[in-house]
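Please keep the sequence and the 3D view at hand while reading.

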Amino acid sequence: MKNYKQTASDVLRLVGGEKNVVQVEHCSTRLRFTLADTSKADAAALKKTAGVMGVISSGPQCQVVIGNDVIEVYDELLKLGTFNASQAAAPAAPKGKKEIGGIILDYMVGIFQPLVPAIAGAGVLKALMVLLSTLGLMSSGDIAYKVFVGVADAALYYLPVMVAFTTATKFNCNKLVSVALAAAMIHPSVSALLATEGGAYFLGIKLQNIAYGGQVFPAILTVIFMSFIEKWANKWCPKAIRVFFVPMLCFGIGFPVALVVLGPLGYNIGALLTTVILALYNTLGWLAVALLAAVLPFMISMGMHKALVPYAVASISDPGFEMLYMPASLAHNISEGGACLGVALKTKDENLRATAISAGISGLFGITEPALYGVTLQHKKVMMSVVASSFIGGLFVGLMKVKAFVAMGPGLAGMAMFVDPDNGKNILWAAVGLVISVVASFALSFFLYKDETPAEDETAAPAPETAADAAAADSTISSPLQGKAIALEEVKDEVFSQKILGDGIAVVPEKGELYAPADGVIESVFGTKHAISMKTNAGAELLMHIGMDTVKRDGKGFDPQVKDGETVKKGQLLMKFDLDGIKADGYDVTTPIVVTNADEFTIKTVAEGAVVPGAALLKLEANK
């Protein structure tokens, strides 16, 4: 039985604790943390946490991929602290290097992601009603039909109100005042005023006649503007009258500015975004759908697919359908599911088979992260199968000009999203595209995938020539540094001292040179250059982390001598680093050497005190 409480506790600790979490949300597979200080999050440790499938960091947001158990882990997480509380002031800006693209993406995801369940649920309900009506099983004049269509239409009509709430949540301003401002933009009397024959004028300025129902960008801009008014007013307004005076200023200033400037600006931004995407579609046609479907695995793995959500939501509202992102997602999602099922049938690895079956079923129903992180990204030939079949399926739905009428992850359960009351063949072509994608991906992965064996490992170094040599290679991890060996429990970082990442030893270096502690392959030279991971020929996965919190130096003072995937021999120079400079900046230079797959070995420490490169540190015996 899965321990959701333990997973939630581990994740919270490794993102920096409750005080480092500005906001946390979840989507269908991921916990989405907005952090005050991203340097406090340990992505490497998170990836190795039980129950975690992957980690994506972008700007102030840290996305922890959980898979189908995300709701259970999220519920346990909420029991461990107080998150997303309304605050009078905005949270402190994230520390460290700011990436404007990551920050923008973080805000887009925070605003649009919570809208998806309501939009998707309402959209599929309406599509089902249209389908039943088309099949003659229900009349559009029936009371039941009108009731269900009415609630489905409401979700889109009142979209400005919902987006005002999510924007207010993200910008930490008064939610109900924000909602009231957005509601005023679609109030019948305001709509009638804007539609006045000859135009309506406010202080001599003509108001643009816009139907704000279903629009998102006018409400977003209005709430952002209101948040600045609120913060400005709170600074000088006497507390005794703040409860009514500040909201009054928000209404009195914000609404006229919304009608005169922000509403038309937001409307035109949405129209421009849709026009640009449609221009791309019109230029490349069906090829645009195929190409997007083929690159979606890579976009999703980096979280960049969320940048297309604002366009999809705006397009579903006006012109009322979407022809690029959702059809491409159909081809990709189903391809992920089919590829996993192909692997499940082919593999002899029982653990992989169980993962692939679960992930494959999720993929067929439109949830791709379990498949992507659990299977696809770990096997190149499976990724090749997904990319190829996504392209093939995307070609077909693109050629057939399939339209989507709901903004959601396409899959078996949501095929009603392709019901077109004006074109009965639209859902038929979508269904054919689904079949093409699943058959192509299943066949390709079944024929291309092979279980990995030592003989197929292209990066493995030649085996030792004698049994004695083999035993020695299997059993010894040598010192990569000159310095003083200390127990891992003495390291002043709980991630290492509590052996969260694995068992091992640490060395306090006396010289700024890091050498290979055994023969093997470099798995990763961290982007900030402060750590190297490698896999020895004996199968031990090692992490050598130079100093504590040195990630904050962002590579300063570190000079790697190897690259990812490089085969190395024991004693080969891996890294030069500015030991004196790191010490001068106040960093602890203690360097842990951790066996991250320690559960596969019995580990014995054989060194204490002064050591030199090549001296034995650890003896490993593979568990049988």
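**A strand pairing, its sheet and a helix pair**

Strand β14 pairs with strand β16, residues 573-577, in the antiparallel sense over 3 bridges. The model is predicted. The points below cover the sheet that holds this pairing and then a contact between two helices.

**The sheet**

- The open sheet is formed by 3 strands in the order β10-β16-β14, and the pairing is antiparallel.
- Because β10 (513-515) and β14 (558-560) each have a single partner strand, they stand at the edges, and one side of each is left without a neighbour in the sheet.
- From one strand to the next, the twist averages 15 degrees.
- Opposite Asp559 stands Lys576 in β16.

**The helix pair**

- Helix α17 spans residues 380-399 and helix α18 spans residues 425-448; they pack with their axes 8 Å apart, at an angle of about 160 degrees.
- Angles over 145 degrees count as roughly antiparallel, and α17 and α18 are therefore roughly antiparallel to each other.
- The crossing in which α17 passes α18 is right-handed.
- On the α17 side, the contact is made by Lys381, Ser385, Ala388, Ser389, Ile392, Gly393, Phe396 and Val397.
- On the α18 side, the residues of the contact include Trp429, Val432, Gly433, Ile436, Ala440 and Leu444.
- By class, the residues of the contact between α17 and α18 divide into 10 nonpolar, 7 polar and 1 charged.

Conventions
Residues are numbered from 1 along each chain as its sequence is written. This is a predicted model: local features need pLDDT of at least 70, side-chain atom pairs count only at pLDDT 80 or more; totals for chains, interfaces and linings use all residues. Side-chain values use heavy atoms; hydrogens and water are left out. Two strands pair if DSSP finds at least two bridges between them. Helices (H or I, at least four residues) and strands (E, at least two) are DSSP runs, numbered from the N terminus. Axes are lines fitted to C-alpha atoms, for helices over the stretch in contact, and angles run from 0 to 180 degrees between N-to-C directions. Angles under 35 degrees count as roughly parallel, over 145 as roughly antiparallel, 65 to 115 as roughly perpendicular and the rest as oblique. A crossing is left-handed if the near helix is turned anticlockwise from the far one by less than a right angle, and right-handed if clockwise. Contact means heavy atoms within 4.5 Å. Ala, Val, Leu, Ile, Met, Phe, Trp, Tyr, Cys and Pro count as nonpolar, Asp, Glu, Lys and Arg as charged, and the others, Gly among them, as polar.
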